Amino acid sequence: MRIVISICGIWLFAQAGLAQESLHRQVDALILANAKGKTFSGSADDAEYLRRVYLDFAGRIPSATEARRFLDSKEVDRRTKLLDALLAGPEYAASMEGHFHVMLMERLGDHADWKKYLQRSFADNKPWDELVREILAAGPQEKAPGAAFFLSKRLENYGANPVDYPALTRDIGRLFLGKDFRCAQCHDHLTIKDYKQHDFQGLFVFVKNVSLSTAKTTTPGVTEKPTTAKIEFSSVFGGDKVQTGPRVPGLKEIAIPTLKKGEEYVEKPDVKQQKPGVLKFSTLAALSEQLPTPANQAFNRNIVNRLWFVLMGRGLVHPLDLDHGDNPPSHPEVLDLLAKEFVAHKYDIKWLVRELALTQTYQRSSQLPPLVKNAKPEEFRTALERRMSAEQLLRSMLQATGMTEVKAAKGVPTFDTMSPTFVKAFASEPREPEEEFSPTLKATLFLLNDKSVLSWLEAQPGNLLDRLGREIDNRKAVEELYLSVLTRLPGIDEAADAVRYLDERKGRRPVALRNLAWALFASTEFCVNH
Amino acid sequence: MKDEKMQSFILHPSSLILFFKVGTMTAQAQAPANRFEPRQGPTVNLDCQLGTVRYSPCGRFLAAGAYDATVRRWEVTDAGFTAMPSLTGHRGWVQALAFHPDRRRLFTADSWGEVRSWTYAERQAPPVRTMAAAHDGWIRDLAISPDGRLLATCGRDQKVRLWSIEDGRKLHELTEHNDDVFSVAFHPDGRSLVSGDLHGNVKQWDVANGRKMREFACRPLFFNAANFEQNVGGVRRLVFDAQGRTLACAGSRARTGGNVQGHPTALLFDWASGQLRHTLVVGDGADGYMYDVAFHATGFLMGVTSGNPGTGKFFFIRPGEQTPFFLSTRMTNCQSLAVHPNGTRLVVAATNAGSNGNGRPLRNGVYAANMSPLHVWDLPAS
Amino acid sequence: MNFKKLCTPLDHRISRRQWLGGVAGTTAGALGLCQPGLAQELRRRRKQVLFVWLEGGLSQLESWDPKPNTLFGGPFRAIPTTVPGIHISELWPRTAQQMRHLAVIRSLHTQDNNHSSGVGRIQRGDPANRGVTYPYFGSAVANLLGPGESGLPPYIWVKPGSGGFVTSDAGFLGPRYGALALGGGRAPENLLRADSVSEEDDRERLALRQLADRRYVQQRRTQGTEANSYVYDMAAQLQRHAHLFNSTTLPARDLERYGPSEFGRHMLLGRRLLEAGVTFVKVDSHGWDTHGDNFNGHSNAVPKIDQAFSAMMQDLADRSMLDNVLVVLMSEFGRTPRINGHIGRDHWAEGWSLVMAGSGIRRGVVVGRTNALGTFVEGDEHDIGHLFHTWFTALGINPSRTRYNNAGQPLPIAHEDMEPIRALLA
């Protein structure tokens with residue numbers, strides 16, 4: 001009750017234009033105002049918050065020890081302290097790399113240099129505009145090895161299929177501008193009046209002369225041929241031919257300088273030396289200078305919308321890549337505010353995710369308010385259940401099963417050895433965005449019967465089942481199990497049922513413990529970030 | 001190894017028009033200098049693809065079985081080859097032919113199961129005998145016994161048959177292969193016949209009673225890629241040396257289906273003991289089949305291979321050595337090797353360059369077929 | 001709570017909801033396999049597809065359009081069939097006996113000569129480019145006809161090599177219309193209960209999982225737990241059908257009839273799946289890209305297909321299934337008339353053939369022709385789009401009126417500039 005009152009107060013302040021109020025409070029006030037008096041879920045309890053904030057900023061659930069430490073804490077500011085500890089902690093960079101790898105590569109592929117590049121960038125808290133500049137400029141290699149992977153993976157071709165330049169063009173629009181120009185490739189979009197063929201074609205000019213580097217190196221790379229002329233296109237429905245040079249949608253077309261043939265390079269390419277050469281006019285350089293700039297509203301809106309999605313489970317603009325006039329954000333003021341403030345804070349990602357995590361919106365329970373059967377997800381009155389990535393699931397399972405405590409040896413799983421298996425079982429197909437919890441038969445059969453996962457639920461020195469087996473008190477064993485797997489203590493009924501289940505199976509306690517543990521791993525509660 | 005500038009003559013079979021082509025031939029010779037260094041002579045271009053080409057025992061005629069159901073003939077003179085009218089009447093491919101030691105008759109077989117014999121020296125030569133259904137379908141090979149009394153045939157119907165040349169009667173049916181049979185050869189002593197199949201089984205038969213006597217395992221000449229229905233390989237040519245001491249079984253140690261790429265290989269068995277003595281391999285694994293081989297009088301093996309896609313090899317290799325002492329890669333996709341009875345001239349049936357691809361663009365609106373040029377090589381007498 | 005009660009078998013309901021993945025609708029069907037009479041009746045009326053795919057290119061000259069004793073005809077003869085006047089290659093003697101059921105088309109001229117791009121173009125029906133990825137034929141049929149009441153996924157693919165859930169076939173229809181691939185004819189990965197988990201433990205752990213979900217969902221949105229229960233139901237359903245995927249229990253007599261090849265076993269497995277009501281069964285054979293040694297390749301590979309395919313045709317006819325099952329046997333293109341230097345044939349999309357049979361298809365006919373040398377089509381040429389129109393029509397789906405709904409975007413199910421080949425339709 002106290003919280004609601006204070007939020008209302010802030011809302012009044014915000015309306016009065018007192019913008020010096022911290023961002024998270026302003027956001028909460030706007031969300032509250034938008035709900036027009038509908039009830040909100042209460043704050044998540046400490047355990048729910050703990051699990052959520054670990055998954056988001058450490059990429060895994062907390063260990064039972066970490067959970068106990070937090071749940072036993074009586075400090076008033078324990079949530080903020082934990083958040084700040086995680087943001088400053090060693091796992092922050094890898095967890096952000098996980099979010100952005102899935103977002104930007106959409107399971108097209110994976111590369112160690114790319115992951116290293118992302119991790120280093122998040123460890124350094126590299127501003128988003130700089131990150132995008134490096135990704136779109138494909139480096140430079142010396143400064144940002146691995147950054148080129150976003151482009152290079154999309155410039156690969158399979159057999160006799162040509163390189164899918166339209167898909168690359170679309171992905172740049174979708175992932176950096178929040179606009180899917182898919183249907184505007186061949187004509188103005190039929191149902192989205194904001195998306196023009198001109199936009200697609202202008203963006204296409206930036207990448208059409210870019211190709212996969214032939215240099216014999218394992219680091220991803222691309223090369224570029226000179227762009228000397230505009231392209232000409234017309235709608236498949238007929239009409240006049242139109243020309244465009246490189247143009248970021250919404251911005252001015254870039255003039256292509258006139259250069260004599262043979263004089264396009266500052267430094268000519270040298271095949272023998274494996275040097276790609278330096279162009280006087282590079283469309284990639286132009287793209288990387290023009291697109292990630294404060295003046296580009298679509299760029300600003302896209303990233304704050306995507307970070308909102310990462311932490312809240314749904315974009316303010318939804319779907320994430322359909323930002324246009326006829327698909328307004330659920331909370332236009334929030335989107336504008338976030339975009340404006342993010343630019344004002346020089347694209348400081350860690351600042352923004354911290355502010356978002358401090359909102360009541362983030363910290364709400366995923367349990368519906370009393371008497372409410374369903375709350376529309378776009379109202380953000382109740383926390384949404386979020387899909388866990390294959391990587392989050394793997395890290396969490398290794399943590400919860402205690403396999404992280406088993407002495408390293410051949411056959412003892414690590415994140416690196418098991419990652420491909422989990423990606424195969426839980427990730428979506430390439431280009432299928434992983435935006436909602438969408439259990440599959442494949443993943444289910446994997447959880448049911450995969451031998452390696454089942455072996456983690458056999459007692460091995462130091463792991464969860466080993467600890468449970470050595471705890472002769474069934475009540476204590478059940479508590480340890482719940483805390484380890486679900487990051488909370490069992491409810492009274494849960495504990496009673498589980499203890500009875502074990503009591504009735506004295507003769508086969510090890511398998512009974514395993515069955516209980518498996519059931520928790522396979523439960524929806526474990527499989528989502530709730 | 002040395003490079004040698006040389007000329008080849010492209011000789012049209014009927015009009016004797018000469019074309020000149022200059023190219024580079026690579027001959028590999030190991031020190032000391034190879035005294036069996038063949039020199040490439042003229043090339044005779046044809047309008048068809050050939051299966052097997054052979055010299056007549058007198059050396060005055062050359063005959064080739066063609067994929068257009070004809071048997072091509074040439075009279076061999078000092079000036080070159082003079083085309084004689086083709087022998088017609090077969091249907092399907094003519095891949096197998098053999099000259100009778102009587103120096104009169106030529107036996108040919110086609111892919112529709114028919115065997116014919118012809119008096120090959122006559123300008124107009126109707127068949128002397130036609131065995132219309134010698135096999136059910138494709139006859140892969142035929143051989144004539146040294147004494148000229150027996151004809152052996154084999155084919156896709158999995159049968160090996162021994163016939164009396166005298167009256168065309170079937171003497172024995174050798175049914176044990178249960179497999180596509182690719183090749184047959186008589187031992188020079190005339191008492192044994194060998195036959196080789198797709199799976200690399202070579203069987204020795206007593207020609208007197210049709211009983212199987214021995215088996216020679218050539219399993220490396222068979223390949224089946226995992227999950228592929230296509231079987232690859234087979235004993236494509238069986239050849240004895242003149243004394244009958246060594247049996248060569250030629251084919252490919254394939255490593256892929258589809259394109260069929262592998263090592264053209266000949267397995268050399270000691271006839272007396274039945275032991276495998278030498279495995280002769282040509283190429284680096286990106287070639288096709290060793291389609292045809294012959295022993296030189298001095299004991300080395302001469303042979304030709306198909307390539308993949310456009311190459312082909314003509315080689316001389318000594319048993320026991322790792323690499324050929326002569327190797328030409330000038331000719332593409334060689335199908336057959338004919339050795340003149342006096343040993344000084346060789347004819348290789350190969351394929352035109354650029355035989356792969358879908359056949360486009362059309363030439364003068366015509367979808368053109370490939371063809372087999374005949375490449376003539378001179379081999380100095382030792 | 002009495003846990004003994006928890007340990008009852010799961011209820012055996014058959015769900016209409018979509019297979020393989022994703023959150024789906026909520027209707028649960030009512031028809032179980034316990035009502036065989038009705039199930040059979042429904043099965044009789046339902047359309048199904050058997051799609052036999054020879055990966056690479058089957059030579060039209062060594063199959064449905066022989067040109068014996070001509071320039072490009074190859075070594076083989078042509079043989080008569082049970083339909084007077086129709087001859088096919090001698091490599092297919094058993095299929096020749098089934099010709100009264102079959103329709104041959106000899107006038108195919110398709111657009112792609114390359115494998116990597118051609119397979120997709122052919123199996124997607126090569127529609128006009130709209131910037132979207134069209135579904136393969138199997139996914140298309142799975143979407144348009146649905147899974148029926150079999151309790152099995154609508155699109156099962158028996159293939160050599162590896163298996164899994166091949167969702168990429170589905171294109172814009174989404175992963176749930178992908179194929180369940182039985183690699184090497186084996187059950188899907190992880191389908192069979194691990195040895196370390198007893199049947200009793202399995203029942204208990206599933207019941208405990210349900211209990212956990214029931215508690216969790218109290219006062220929460222239900223979509224997540226529903227979706228999760230749904231896939232567990234599907235898993236249980238598939239596990240109940242595990243016997244279907246066990247190729248060691250295929251009848252010995254039939255195995256002999258279908259032949260000892262892997263393809264023979266896979267076709268027999270395909271028959272079992274069709275009999276169990278699977279909407280679309282695809283059976284693959286590999287090794288048909290005979291750039292080298294084409295004639296020996298066909299000589300030893302075709303008989304395996306001939307034996308299994310003819311046995312399948314006989315069985316479908318004997319079981320009166322040909323009225324409802326559309327059968328197609330094809331590869332992605334034909335092979336060149338001209339014979340290359342390593343005695344192979346290369347890719348040829350400009351004049352080739354395939355066979356089909358069953359539901360809605362005329363029986364015992366040849367449609368279209370090539371010229372005397374077999375190089376090009378004479379008369380009307382037909383593209384894969386025409387065949388998609390023909391096959392959809394044969395399955396009772398009107399290809400000119402039916403549209404996919406791609407997130408609000410209506411898309412034609414087959415190339416809109418083409419139409420069914422009437423001469424092939426019954």
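## Basis of the description

Because the model is predicted, local features need pLDDT of at least 70 and side-chain atom pairs count only at pLDDT 80 or more, while totals for chains, interfaces and linings use all residues. Residues are numbered from 1 along each chain as its sequence is written, chains are lettered from A and ligands numbered from 1 in the order in which they are written, and side-chain values use heavy atoms, with hydrogens and water left out.

## Which chains meet

Two pairs of chains are in contact, and of these chains A and C share the most contacts, where contact means heavy atoms within 4.5 Å. Chain A and chain B, by comparison, do not touch, and their nearest C-alpha atoms lie 15 Å apart.

## Chain A with chain C

This contact draws 62 residues from chain A and 55 residues from chain C. The two chains bury about 4,900 Å² between them, with 51% of it on carbon and sulfur atoms; buried area is the accessible area (1.4 Å probe) that two parts lose on being put together, summed over both. On the chain A side, A:L441, A:L445 and A:N449 lose the most area to chain C, together 13% of what that side buries.

Eight salt bridges are found across the interface of chain A and chain C, a salt bridge being a side-chain nitrogen of Lys or Arg within 4 Å of a carboxyl oxygen of Asp or Glu. A:R514 forms a salt bridge with C:D201, and the closest N and O atoms of this pair are 3.3 Å apart.

## Chain B with chain C

Here 48 residues of chain B and 46 residues of chain C take part in the contact, and the area buried between the two chains is about 3,700 Å², of which carbon and sulfur atoms give 48%. B:W112, B:E229 and B:Y367 supply 21% of the area that chain B buries against chain C, more than any other three residues.

The count between chain B and chain C is four salt bridges. B:R360 forms a salt bridge with C:E350, with the closest N and O atoms 2.6 Å apart.

## Two helices in chain A

Helices are DSSP runs (H or I, at least four residues), numbered from the N terminus. In chain A, helix α13 (residues 297-312) and helix α15 (residues 349-358) pack at an angle of about 45°, with their axes 10 Å apart; axes are lines fitted to C-alpha atoms over the stretch in contact, and angles run from 0 to 180 degrees between N-to-C directions. The contact is made by A:V304, A:L307, A:W308, A:L311 and A:M312 of α13(A) and by A:I349, A:L352, A:V353 and A:L356 of α15(A).
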